[in-house]
Amino acid sequence: MCGRTACTLDPVQVCKACSYSRPAADGKKEEPQWKPLSGNQTYYPSYNVCPGANTPVLVAAKVVDAECETDYLITPMRWGLIPFWSKEEMNTSGFSMVNCRSETIFEKRSFKVPFERGRRCVVLADGFFEWKKVDNGKKQPYFIYFPKTEPNDDKSVPASRLLTMAGVFDVWKSPETQETVYSYSVITVESSSIISSIHDRMPAILDGDEAIRDWLDSGRVSASKAFKLLKPSLNLTLHPVSTDVSNSRNKGRECVMPIEIKAKPKATSASAGLMTNWLKRAKKEEPGHESVPTVKSVKKEKEEYE
């Protein structure tokens, strides 16, 4: 699954990070256009993004704006899909469609309808968080992202690639105010070997310009063909982070900073503990005066240890 991400770039940096090459442009790079589609949806960069927040989403321009001349748009959308047919907004209706399982995307109406209508998107993030179950019911968070890229002279371009996750979006309009809300769900698949030890699900990753182009081009690539792009990715890296990220109120850089997990000391058995105590006592005895533990002393020793 995917229930928490980090997205820290400002709109200009996001567009630069998503520069792409057209198939017949001789390698020339172009940038998507940043264009909010709803006046009430504002994006705020954060190291700890929770469902319900507005985050940058890449879409084919023609799908949302027939008059747009560019190939792609980046627009803030709410994380947590609201079906177009819903009579209430997510906060009041109880919809929490943060993730969409790829296996059921053609079965559930909330996802099937927008997916077949070509409302496919790419959810952008620095990376996402996942929690691994450890001893005593506790969970250790990990930050998962694309491997670092080569250094770039342009300081406005981040050292890491933005993670590009497959998503499906819909457009909901309030029946009372006619207010429009664009919202999305991250599509998940079975985890790759990189993540399977942490969690059994992961976002479907679109790795590279071609995969992104095919995913977004609903006019050329049918829903059934696009579905084949939904698969686990091995091109990821990860590191453990502080449990600070588990609290949604923590938004600082410490949420993504690597930490070192200390190995737990080996548990000492009761018999080993008794032997250790006897050896310590023997060292304190004077030479020639060996002390043999009696039944009573052994019983007392055991009681003290336990």
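Buried means under 20% relative accessible area, exposed over 50%, and partly exposed in between, with a 1.4 Å probe and protein chains only. This is a predicted model, where local features need pLDDT of at least 70, side-chain atom pairs count only at pLDDT 80 or more, and totals for chains, interfaces and linings use all residues. Residues are numbered from 1 along each chain as its sequence is written, and side-chain values use heavy atoms, with hydrogens and water left out.

**Whole chain**

Show the cartoon. The protein has eight helices and 15 strands. Both are DSSP runs numbered from the N terminus: helices are H or I with at least four residues, strands are E with at least two. Colour by burial: of the 306 residues, 42% count as buried. Switch to a surface. The protein exposes about 17,300 Å², and carbon and sulfur atoms supply 50% of that area. Accessible areas come from the Shrake-Rupley method with a 1.4 Å probe; for residues, only the protein chains shown count as cover.

**Stop 1: W79 and Y184**

The structure holds nine aromatic pairs. Rings of Phe, Tyr and Trp (its six-membered ring) pair if their centres lie within 6.5 Å; planes under 30 degrees apart count as stacked, over 60 as edge-to-face and the rest as tilted. Select W79 and Y184. Their rings are stacked, 6.4 Å centre to centre with 5° between the planes. The pair links distant parts of the chain: W79 is in strand β7 (residues 72–79) and Y184 in strand β13, 105 residues apart. Is W79 buried or exposed? W79 is buried, at a relative accessible area of 1%. Y184 is buried as well, with a relative accessible area of 1%.

**Stop 2: F106 and F115**

Select F106 and F115 next. This aromatic pair is edge-to-face, 5.4 Å centre to centre with 70° between the planes. F106 is partly exposed at 32% relative accessibility, whereas F115 is buried at 0%.

**Stop 3: I105**

Go to I105, in the loop between β8 (99–101) and α4 (109–116). I105 is buried, with a relative accessible area of 0%. What does I105 contact, leaving aside its neighbours within four places in sequence? The partners are C100, F111, K112, F115, I187 and F227.

**Stop 4: helix α4**

Select S110, F111, P114 and F115, the buried residues of α4. Look down the helix axis: these residues fall within an arc of 110°, so they line one face of the helix. That arc is taken from the directions from the helix axis to the C-beta atoms. What do the buried residues of α4 pack against? They pack against β8, β9 (120–125), β12, β13, α5 (209–216) and α6 (223–227). Just after α4, G118 takes a positive phi of about 90°.

**Stop 5: two arginines over rings**

A charge sits over a ring if NZ of Lys or CZ of Arg is within 6 Å of the ring centre and within 35 degrees of the ring normal. Select R117 and F84: R117 lies over the face of F84, at 4.7 Å from the ring centre. Then select R161 and F146. R161 lies over the face of F146, at 3.9 Å from the ring centre.

**Stop 6: strand β11**

Select β11 (139–145). This strand is mostly covered, with six of its seven residues buried. Strands pair if DSSP finds at least two bridges between them. β10 and β11 run antiparallel, joined by six bridges. F129 has F143 in β11 as its bridge partner. β11 also pairs with β15 (residues 237–240) in the antiparallel sense, over four bridges. Here the bridge partner of Y145 is T237 in β15.

**Stop 7: two loops with positive phi**

Most residues other than glycine have a negative phi. Select N136, in the turn of the hairpin that β10 and β11 form with five residues between them. N136 has a positive phi of about 60° although it is not a glycine. N136 is exposed, with a relative accessible area of 69%.

Finish at Q178, in the loop between β12 (163–173) and β13 (180–190). Q178 is not a glycine, yet has a positive phi of about 65°. Q178 is partly exposed, at 47% relative accessible area.

Methods:
Contact = heavy atoms within 4.5 Å.
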